[in-house]
Amino acid sequence: MRLLMIGDVVSQAGCEFLRACLPETKRRLGADVVIANGENSAVGNGILPRSARHLLDSGVDVITTGNHVFRRKEIYPLLEEKGPVLRPVNYPESVPGHGTFLYDGGSFTLLVVSLLGTSYMEPLGNPFEAMDRILASEEARNARFIAVDFHAEATGEKKAMGYYLDGRVSVAAGTHTHTQTSDEQLLPAGTGYITDLGMTGPIHSVLGIKPECVIRRLRTALPTRFEAVESGPCRMDGCLFELDGETGRCRSLERISILQSPSEGLQAHHHR
């Protein structure tokens, strides 16, 4: 089974670029399932029903999120539907939504887990203990494959989680920093790992935001309204994982970036 995981989709530009290149990318790579982090897919941050449906209609099968998931109250009813739009599993049970989704691929089942780190992030439930509870569940036992989107700030926390889950999940992929890392690897017990998948959105930006907004904030320390870049060339970052149907482990993985060049159109970059 081939699983494509896509880094944080940012605002309208990211959504539109994903729609423009995902169908062909999915076909070319032979991806059976696509997971994308959509917590920044709405204009003005967060995720809205409209942006979630845009991603799903564009070929995404499951949407994971992170610390911005509850910024827009309009998404709460969709989170409650027990469908493929997730909030991190280690939020309190009293908040809207759910953190896992069992994807039925016909010949296989894939349990997708959305998980939030706590180092320099929200003071939520311990993500390591949350994963222990999930992996002990009947839902996990019934899944052939398990993929985790660990939305976290600290590289060390992500690395530690990768090794903690090694051999217990098929894939442990990080999101949140919007910067693709070059450390994709097969861990010793067969889990596919990458510290950060990257970003889907404008190339000439600071994590999808207009550079002048971020520079003003960092130079002056004054409150600044961040505005997303909504024009110019974009990129779609992610990683393709090939999973073994008998063992549930990862056989190989390939980091990808689809870049939009104003003069040459789309350019695909693969890293093995």
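**Gaps and cores in a predicted model**

Searching the whole structure turns up 1 cavity of 30 Å³ or more. A cavity here is a set of points on a 1 Å grid over the protein atoms alone where a 1.4 Å probe fits but cannot get out. Keep in mind that this is a predicted model, where local features need pLDDT of at least 70, side-chain atom pairs count only at pLDDT 80 or more, and totals for chains, interfaces and linings use all residues. Residues are numbered from 1 along each chain as its sequence is written, and side-chain values use heavy atoms, with hydrogens and water left out.

Now for the open spaces. A pocket is an open set of points with protein on both sides within 12 Å along at least five of seven lines, and lining residues have an atom within 4 Å of a point. The largest pocket has a volume of about 630 Å³. It is lined by 25 residues, and Asn40, Asn45, Leu207, Ile209 and Phe226 are the closest to its centre. The second largest pocket, at about 380 Å³, has 17 lining residues, with Arg87, Val89, Glu93, Gly99 and Ile134 nearest its centre.

Let's move to the packed parts. In soluble globular proteins, nonpolar side chains tend to be buried together. A nonpolar core is a set of buried Ala, Val, Leu, Ile, Met, Phe, Trp, Tyr and Cys residues joined through side-chain atoms within 4.5 Å; buried means under 20% relative accessible area, exposed over 50%, and partly exposed in between (1.4 Å probe, protein chains only). The largest core here has 32 residues, and those with the most contacts inside it are Leu4, Ile6, Leu18, Leu22, Val60 and Met236. A second, separate core of 23 residues includes Met5, Val62, Ile194 and Cys239.

How many disulfides does a search of the whole structure find? The count is 0, where a disulfide is a pair of cysteine sulfur atoms within 2.5 Å. Take cysteine 239: the nearest cysteine sulfur belongs to cysteine 250 and is 7.9 Å away. Cysteine 239 is buried, with a relative accessible area of 0%, and cysteine 250 is buried too, at 7%.

Technical notes. Points joined across faces, edges and corners; volume = space filled by probe spheres on them.
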